[in-house]
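Let's take a friendly look at how two chains can sit together. Have the picture open beside you as you read.

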There are 2 protein chains.
Amino acid sequence: MNDVVNKVKKTIVVVGGVAGGASAATRARRCDESAHIVLFEKDEHISFANCGLPYYIGGEIKDRAKLLITTPAQVAQRFGIEVHTQREVMSIDRVRKVVTVLNRETGETTEQSYDKLILAPGASPIVPPGPRAANVFTLRNLHDTDMLKSALDALAAREGDEPRRAVVVGAGFIGLEMVEQLHHKGFVEEELGRRGVRLYLGDGVLGLTMKDGLATEIRLESGLSLAADLFILGMGVRPNTQLAEAAGLTLGPSRGVKVDEHMRTNDPDVYAVGDVVEVLHGVAHTPLRVPLAGIANRAGRLAGGHCVGENPERAPAALGTAIVRVFGVVAACTGLSEAQAARMATPCATVYVEGGSHASYYPGAQSLLLKVLFHPETGKLLGAQAVGGEGVDKRIDVVATALHFGGTVRDLAQIDLAYAPPFGSAKDPLHMAAFAACNQLDGLVRFVPPTTKLHNSQVVDVRDAHELGQGVIPGALNIPLDDLRERLGELDPSRPTVVVCRSGKRGYLGARILSQRGFEDVAVLTGGMVARRLVAAD
Amino acid sequence: MNDVVNKVKKTIVVVGGVAGGASAATRARRCDESAHIVLFEKDEHISFANCGLPYYIGGEIKDRAKLLITTPAQVAQRFGIEVHTQREVMSIDRVRKVVTVLNRETGETTEQSYDKLILAPGASPIVPPGPRAANVFTLRNLHDTDMLKSALDALAAREGDEPRRAVVVGAGFIGLEMVEQLHHKGFVEEELGRRGVRLYLGDGVLGLTMKDGLATEIRLESGLSLAADLFILGMGVRPNTQLAEAAGLTLGPSRGVKVDEHMRTNDPDVYAVGDVVEVLHGVAHTPLRVPLAGIANRAGRLAGGHCVGENPERAPAALGTAIVRVFGVVAACTGLSEAQAARMATPCATVYVEGGSHASYYPGAQSLLLKVLFHPETGKLLGAQAVGGEGVDKRIDVVATALHFGGTVRDLAQIDLAYAPPFGSAKDPLHMAAFAACNQLDGLVRFVPPTTKLHNSQVVDVRDAHELGQGVIPGALNIPLDDLRERLGELDPSRPTVVVCRSGKRGYLGARILSQRGFEDVAVLTGGMVARRLVAAD
C-alpha cells in the first residue's frame, strides 16, 4: 500500500519559488501524490514574506525569522518536492521538453526533463543605467533587505548632529498607483509632511551623481537635485521574461507573458504565474501586469492544480485592488481610476462621500473619504478609492466584490452589510455614496468634482457660519441651509450655481431646494470642502 | 421665485419617526420640495440612536445627548416637515384617505388627509403576560433607557457586599440568532464565563415570581429558577401591525405587513417600512421580518422617494446580515445558517477555516473562525458566519456582497481583495474557505463537520506531538503530517478514516496523501481541532 496507485508518474518542473512558484508546486502535490515535482530557485530562499520586508526594515516586524515562511527542507519533507536552490534555469527546449539548469555554486550545467513546466521567475527592480553605488538599494529579497538594514543601522549610529537624509525614488506599484490615481495629494502630503517626509511628484529621474563609489545626489528632470546619505529605488519592476522569450513563448501587449484562463502560455505544457505574466483586468477588460502577492499566489495554486489534471477553476480576477498605509493614513483602491477611465475613453461619473468608520455616536469613529466611479448612464461600478483610517480596507473589499460581479451603484445601495455601532452605520458610507450616485442617475442632482473651477459660478455655501474657519471658496455666498428657503432672493436663479457644504450632504439638499424653485443650472460640489481640500490642487 | 414651480402639492403623512419614518419623510422632501409632509410620532423623539442604547447603558457612550440624532425642531426647520410628537395615529380611512390622530397630551382627536401614507410604527418588545414589576425592563426607546440606567445606578450604589445580580432574558434578534445559529457555543460561553456571565440556552420562560411589586426570580421551563435584583427583557419584538390590520392592509406569512419592491402595501397609496414589514430574504427567497436599523433606514429612503414620483430603485436586499460584539469577541453572520437551510430542505455543505485577521508575520494578527455554507453541487454561496476579533465584519460584508449577486465559492476564490500585511493575507481566510469548498466540489476532498461523531472511524491526527496538549480526539492515532507517507503501514486503508489537525489545513494534505494511496473512504474534519473545540458540544 506504500505505492501510489493507478497513476502515470508526471514530472512537473517549477522555475522560481517565490512569485507563485511555491504555491504551484505544493498545489500540484496536493492534487497529485504521484507526480515528480522539481523546483529550481536561483536564490537562496524559495518562500519568504516579500510584502513584509519594508515592515522589517522599519522595525515593526522585529524577528527576521518571521519573514521566512518556509524553508526548502520543510517543503521537501512535507510535500515530497525536490527543491534546488542556487539553481538558475538558463533555457527551455520545448521540443525535447527539457530545461538547462546552472548550478550557481559549482558552475556546472545539467538538464532536467519535464512533462509540465511552470514559470515563476518573478520580476526585477527597475534601476537607472550606469554603475551601482554602495549606498543605492533596492528591496526585492532578503539579501536586499539585509544590506539596506545594515546601511540604515550604520547611518543611525553615525556620530555628530548632521541630519541623516534618505531619498526614496518612486514608491513602487502600490505607492505610485495610490499617489497618482487617488489624487488625494493633499491628504498624503500633509501626513508625510508631519513626519519629516517631502514628496516630489510628477518629476523624472535623470541620474545619480557619484563620488568615490557612493551616490551623493539624485538629479531630476525638473532641474532639482536632492542630496542624501542613501537612496532606495522603488521605481517599479520589470518582468523577468528573458527565459520565456528565448523559448519563443508569446508576450502580451503589456510585455508580460501571455497566459490563458488556466495560466497556460501559448505552449499548453508551459504555464506562467506571478509577476512575469499579464492578467486580464476585470473592469478594463485589457491585459495588464499586476505584480502583487495575492494574485501570484492564487495563480500559482491554479496552475499547480491544472497541470496535473483538469479542474474548472479560472484565473484569479485582477481588479487593480491595492492598499497602502502611510504612517497613520490608509489609502486603497480597486477597479479603474479616473485617469485610467479617461485613457480608455470609458464614460465615468464620480461621487465623493465623507463618513465615519462607524456610527458617529459611538466613540472612536475615524473619518474616511470614499470616491466611487460609475458609468453615468448605466450606473455600472467602475472603481473606488478610499483614504482614512479604520475600515478603508473593508469598504474597498466590498466594492471589489461588487466589481467582480459587474454590479451597479443600485446594487451597492441595496447590499445588506453588517451593522452595529462599533462596526459601521445604518447607512454606511458605501450606501451613502451609492445613494448619491443613484440620485444623479435619476436626475435628482448633478455633482461636479472637487477640482471644479468655480470662479464663473454662483457659489452658495450652505454651512453654518461657525464652520467657515475651515476654509471658504473665494466669492461664495454663505447662506446656512436652514435659512436657504427664506433667503432665495439673494441669489440669481439664472446663473449657473454650485452648492457647497462640508461633506456634500447638505449641499445636495440645498441643490434640491434651488433646482425645484426655478434655478436653472444647479450642481453640488461632491464631497464638499473636505474633498476639495484633499483633492483639489488649487 | 419664492414659490415652488410647476408642482401639484401632494400631502405625505408619515406615521412614526424612528423605524425608517424620519428617513422616509426627509427623502420625500429631498425629492419633492413642494410636498406637504406631516410626521406623527406617538412618543417624544422622532429620531434617536436606538442601536446605541445598550452602549450608553454600559457607559461606552457617555453623553446622552449623542443618542439624539436630530430633534423635531431641527427636522421641521431644515426639511420643512410638520412634525407632531405625542400624536398617535389611531385609524386609517383608506376610502376617504384620512387618518385619525390622538393628541396624547390633550386627549383631543383630529383628522389629517393624505395623498400618500407611510407607516413606520415599528415593533414592541415581547413581554411575558401578567403585571409589570418595577425592576423588569425593556430597552426600546430613550424612556426605557433612562429607567434602566437609574435602576442600575441605584443598584450599583447599594450598600453592603451582597452580590448584585441581573438576568437578561433572551438576547434580542441578533443575540439569539448568533448564539443559536453560529453554534459557536463554546466560544461565546468561554468569553462570557470569564466576565461572570452565565448562559442558559435552549430554555423557555414560564414566568416571573413577584413579591411586593418586584420580580424576585424568573422561572424557566427546565424547572430552573434564577433569582436577581433586576431583569431585562430582550425576548425580541412584535411588529406593531394593529393599525395596518384594522385598515385592512395585508399581512404576510411572517405576520409583518406585506409590501412590494417599492415598499407599497396592497393599497398603492399606503407604504410601510421598518420593523413592521416583512422583507424578502435574498438567499431563502421567503418573506421574513428583519427588525434591524440598516434595512429600516434604506427602506424609508426608498418609500419616501417613491411616494412623490417614480424611481427605479428596489427594496433593500435582506440577507440576514448581523453582527454583535460580546466583550472581546465579535460574531457576525450573513445569509442562511445550517439550521435555516435544513428547515428549507436546501442542500448545504460547510467548510470552516481558521485564519488571521492579517498576515501572521505582521504583529497583532487576531484569530478568526470562518464558516462558509454553499450548495454541494453548484457551489452557490448560501451564507457565512464568523467569530473572532478584528476583521470579522469585513469578511462577512464581502460574503454578503457576493450573496447579493448570487455568487459561488468559485467567485469567492477569485475576488481580488485588498492585501498588505497589516490588512489581510495574500490568501485571505475568505480565499482559503473558498479554496476548501472548491476542492470538495472538484472531488479532491470530503469535509465532515466539527460535530461529527468519530468513535467508529479511524482517526488520524497529523499534528506534531507538541500540539496534542491542546486536546485530542479519543482513540486518534497521532502521525505527524511530515511522517505520514512513511508510516502508512500503521493504518488500515479499508476503514473509514478521518484526518484531523489544528485548523484543517494539514488534515487536507494528509487526506490527499491517504486517498491517493489506496485508502477507500477518507474525510477531513473541517476547521480541525479549533472548530471542534468551539463548535462541538461533546
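Predicted model: local features only at pLDDT ≥ 70, side-chain atom pairs only at ≥ 80, totals over all residues.

Start with the pairing: how are the two chains related? Two copies of a chain are related by a rotation about an axis and a shift along it. Here, a rotation of 180° with 0.0 Å of shift along its axis places chain A on chain B, with an RMSD of 0.0 Å. The two copies are thus related as by a two-fold rotation axis. Both copies use the same surface, since 99% of the contact residues of chain A recur in chain B.

Now to the contact itself. In it, 85 residues of chain A touch 86 residues of chain B. Among the elements of chain A that give two or more residues to this side are helix H1 (21-31), strand E19 (322-326) and helix H10 (392-404). H10(A) gives the largest share, nine residues.

| Class | Residues |
|---|---|
| nonpolar | 47 residues |
| polar | 17 residues |

Finally, look at H10 in both chains. The axes of H10(A) and H10(B) come within 9 Å and cross at roughly 20°. Angles under 35 degrees count as roughly parallel, and H10(A) and H10(B) are therefore roughly parallel to each other. Their crossing is right-handed. Among the residues that meet here are A:Asp393, A:Lys394 and A:Val398 in H10(A), and B:Asp393, B:Lys394 and B:Val398 in H10(B). The residues of this helix contact divide into four nonpolar, two polar and six charged.

Terms used
Residues numbered from 1 in each chain as written. Chains lettered and ligands numbered in written order. Least-squares fit on C-alpha atoms with pLDDT ≥ 70 in both. Contact = placed C-beta atoms within 7 Å. Helix = DSSP H or I, 4+ residues; strand = E, 2+ residues; numbered from the N terminus. Nonpolar A, V, L, I, M, F, W, Y, C, P; charged D, E, K, R; others polar. Axes fitted to C-alpha atoms, helices over the stretch in contact; angles between N-to-C directions. Parallel < 35°, antiparallel > 145°, perpendicular 65-115°, else oblique. Left-handed = near helix turned anticlockwise from the far one by under 90°.
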